[in-house]
Amino acid sequence: MHRGEPARPHVVQSVILFLLVSGLCGALVAGLALPFAGLAGVTTEKAHDTVQYLPQDLKTEPLAQKSQIFAADGSLIATLYQENRTPVTLKQISPLMLKAIVAIEDDRFYEHGALDAKGTLRALLRNQSQGSVQQGGSSITQQYVKLSLVAKARTPEEIQAATAETYERKVAELRYAIAVEKQYSKDEILNRYLNLAFFGDRSYGVEAAAMHYFGVHASKLNLPQAALLAGLVKNPTGYNPTNNPKRAKDRRDVVLRRMQELGIVTAKEARQAISTPVIDPAKVRNVPNGCANSKYPFYCDYIVSKLKENRAFGKTKEDAENYIETAGLIVRTSLDPKVQKAAEASIKKHSKPTDSAVAAITIVEPGTGLVKAMAQSRPYGSKKGQTSYNFNVEKSYPGGYGGFQNGSTMKAFTIAAAISKGVPMTYRINSPQTLPLSGKKFSTCTGTTVDDDYNPVNSTKTIADPSMLDAAKASTNTYFLQLSQQIGLCPIATIASKLGMYDAQTMQPLEQVVSFTLGSAGLITPLMLSNAYATFAARGMYCKPQLITAITTSKGKAVPTPAPSCKRALSPTVADGVNYVLQKVMEPDGTGGKLKFGKSDLAGKTGTIDSNKAVWFAGYSSKLAAASVVADASPPYDDLIGQTLNGKKMRDASGSGTAGPIWESAMQAALAGLPTSRFVAPDDKTIRGNVKDLPYLKGMPPAEAIAKLAQLGFKAQVAPAPVDSDAQAGTVAYTSPRQEDGAPEGAIVTLFLSNGSKALPPTPPPTPPMPPITPPTIKPPPGFPTCGPWDPKYPNCRRGGG
C-alpha cells in the first residue's frame, strides 16, 4: 500500500462481499471475481493492478483437427494429427451428452454468468479451511477459457503459465470468461467446450471420443455412454475406461446418480444405465496417426514431404508441419489402389523383405504425370531388416534414398536425340566388342570432355555392323557410344533434362561424361525414369510427376497446390520414332523379348551398371509407364551376383532377367482390363532420317578421303586397325556408316583401311599365240593305195603315220 492512501479492506472479506452481491444480482456486475485459493497476503492493490492491464477479449486459436490423406478412389491412406478431433455442431451432439456434461460439471450453467457464485463460495470456504485447493469452483465457461489458453500455448513456459495455480492466472481466466459470456451464447460456449475438451486416449472433442470408445457418432450416444464421457473430462487419464475400467465405471455412475438427483433421468433409467458394462473392448477404435501407421507408408511420407514444401502452409517446414497436423486438411492423391496392389504383388512375388538386395518399382500415367503406384521390397520401420528410405524417390527429404546409376536405360535419350537430328533408324556404325575411347573428345554443352582411360566393351552378343534398331535390340554399348560422340552429348543431355532427368542425390543436372549414354551421368530414381519414359508414350508430352491432386480445408475451401504441369518436350514424330525403336527391344530376339505380354504395343529398355551393382528395366504402353530396379542399397555397394533376391543367391544379374520380371508382373496386372492400345507408327521421313550422300571412297588414300569428306561437311577418323579387304593395302576399304546409307550432316565417318589380304595378284601379260603346225607328208609303201587322210571313201586306207 502506498503511503497516504486509505487502508483497504482485507482481500478475502472483499471477495466474499463481492460474490454475495454478484450472486444476489444474478450476474458479475463488476466483471471480475477473484480466485478462491492462495489469497492470503494478496492485497486489493495487487488485484487492481492485475485486472487493469488484462485484455478484454479472449483470442482463440482454430481448433486443432486431424488432416487426412486419400487415394484416388477415396480410400483413406493416412491420418495426421496432434490432436485427434472432428468438430461437430451442437445439433450433432446427443441431448443426453449435453445434459450429462452440464449435470456433472456445472449444473447451474444456464442460470449464472461467467462465474457460479454459489459454487465458488462453496469451494472458497472449503479451500480456506484446508489451507490449499481442495475443490474447484470453475464454471464451464471458465473451463473453456482455461482449455483455450492451453491450446494457444506453444512452449513449455506458455503451458505452465496457462495452468499455474496463481492469483494472476485466476484473475485473467475470470476476466476472459466474462468476455466470452458477452461474445457467445450459452449453447455456443457449451458447443465450443465439448469440441475442445480432452477425453483421453488421444481423443479430443466429443465426436472423436464417441467414435473411439463406442464406434458411434456423438449424435448417437446413449445414456451410459454420455455419462462415461461426461465423467472423463475431470481426469481423462485416471478415468480412462481402456486402462482403468473399474474407476471409469465408478465415475460414470457418479454422473448417472447426479443426473438422477437433478431430475434429468429417472431412478429406473439410472439403474439400467449403471448395470451396463462401461465399454465393449471390441468396439474401441484407435485412429492411427502418421505415415508409419499407413497402409502405404513410403508413398505417404513422400506426400507429406511435398506438403511441407507448400509455402501456403508456413514459411518454414516446421511451420508447415504444425499446420498440416492441426488444420483438418483433406488431401487427395494420385495413388491408384488397383495399380498399387499390382506393384506390391509383383515385388512380393519376385523378392523378399529379408533379401540383401532391394527391389523397387514406380508406375506413372503417360500424359498426366499421375504417380499411380510406388512399391519396394524393404519394409517401413526402424527395426533390423526395415528401412525409412524410399528407394523410388529423390533425396529431397530425409526419407528419400536418392537413386542409383541406371545403365543403358539412358540409351533411350540418345535415340531421341539422334532421331531429332535426322539420324535414320537404319544408320549403321561398326561396333567392335571393345572400343578404345581413351583420350577421345566428346562435345558437351560447354566444350568437350575426355576420358583418359576408357575402353568400353559390349555386355551382350552383337553383330559387327549394327543399325540403330539392331543396336537397341541388343543394347550394343559401342554403337551408342559412337552415336553419342557423333551427335554430341549436349543434345542428349538437353532432352534428358527436358524429360525430368537430373541427379537424384545432388539435385543437380546430369554430368556430361563420355559414358553418358551408358548411365553413369548421375543417380536416377524409378519415379524419375518411369516418368521420363512416360513422355515417349505420350508422344513427347512431358508432365511433372503429380502425387497431390487437390487439397481442401476442413470448411471445404480449396488450398493452392501445384496444378498439373505438362509441356511439349519432344515432337510427336520423334517420340513415335523412339517408340518404334524401343518396341524392337520387346521382340523375341531383343533383350526384353521374354517380357512381352498381351496384345498391346509395349516398348522398353534394359539397364545394367558396372559390376552389376544395379539392374533396371523401364518400359511402357500408351496407358502406363513403369521402371523397376534391383540394387545393392547398403554401403559399400557390391556386385549383385552372390547377393540374395527372393530368398536365393543370384548367379546372374541383368536388366531383362532380374529387374524385368518385376516390371512384367506389375504391368501385366495393372493393365488388366484396359483396352488394347497401340503406338502411332513413325512416318517414312522419321525412319529414313535426314542424311547426306557419302562419296565413294574405296581404294582412296586416307588423306585424300579425309579431305573429300571435309569438303562435304563430314568429320573423319581412321580406325586403329586395318581390315581384310580386296582394296589395296593402306587405302580405304570401307566406311562407317556405309556409303550406301549416307550420314547426317556433320557426322563422324570412320575410315577402315585395307590390309590388302583379299587383293587379287597382278594379272600376268598375255601369252602370244602359237604358229600353225603343218603335219609332215608321209609316203606310203609301194603297192599301198593312196588315199587322203581321214578319207571315208577308203576305209581300208591307213591314216597318216600308219
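Is Ser351 buried or exposed? I started my notes there. The model is predicted. Ser351 has 4% relative accessibility, and the cut-off for buried is under 20%, so I put Ser351 down as buried.

Next I looked up where Ser351 sits. I found Ser351 in the loop that runs between α15 (337–350) and β4 (358–364). I then checked the side chain of Ser351. One of its polar atoms is 2.6 Å from the backbone oxygen of Ile347. I also listed the contacts of Ser351, leaving out residues up to four places away in sequence. Ser351 touches Ala359, Ser377, Leu645 and Asn646.

I turned to the nonpolar cores. The largest holds 113 residues. Which of its residues touch the most other members? I noted Phe404, Phe413, Leu483, Met501, Phe536 and Tyr620. Helix α20 (residues 526–537) contributes the most to this core, giving eight residues. As a general note, nonpolar side chains tend to be buried together in soluble globular proteins.

My last entry is on a helix pair. I looked at helix α3 (residues 95–105) against helix α8 (residues 186–196). Their axes are 12 Å apart, and the helices pack at an angle of about 90°. I therefore call α3 and α8 roughly perpendicular to each other. From α3, the contact uses Met97, Leu98, Ile101, Val102 and Glu105. From α8, Leu190, Tyr193 and Leu194 take part.

Note on methods: Residues numbered from 1 in each chain as written. Predicted model: local features only at pLDDT ≥ 70, side-chain atom pairs only at ≥ 80, totals over all residues. Heavy atoms only, no water. Core = buried A, V, L, I, M, F, W, Y, C linked by side-chain atoms within 4.5 Å. Buried < 20%, exposed > 50% of the residue type's maximum accessible area, 1.4 Å probe, protein only. Helix = DSSP H or I, 4+ residues; strand = E, 2+ residues; numbered from the N terminus. Axes fitted to C-alpha atoms, helices over the stretch in contact; angles between N-to-C directions. Parallel < 35°, antiparallel > 145°, perpendicular 65-115°, else oblique. Contact = heavy atoms within 4.5 Å. Polar contact = N/O pair within 3.5 Å; in protein donor to acceptor, adjacent residues only side chain to side chain.
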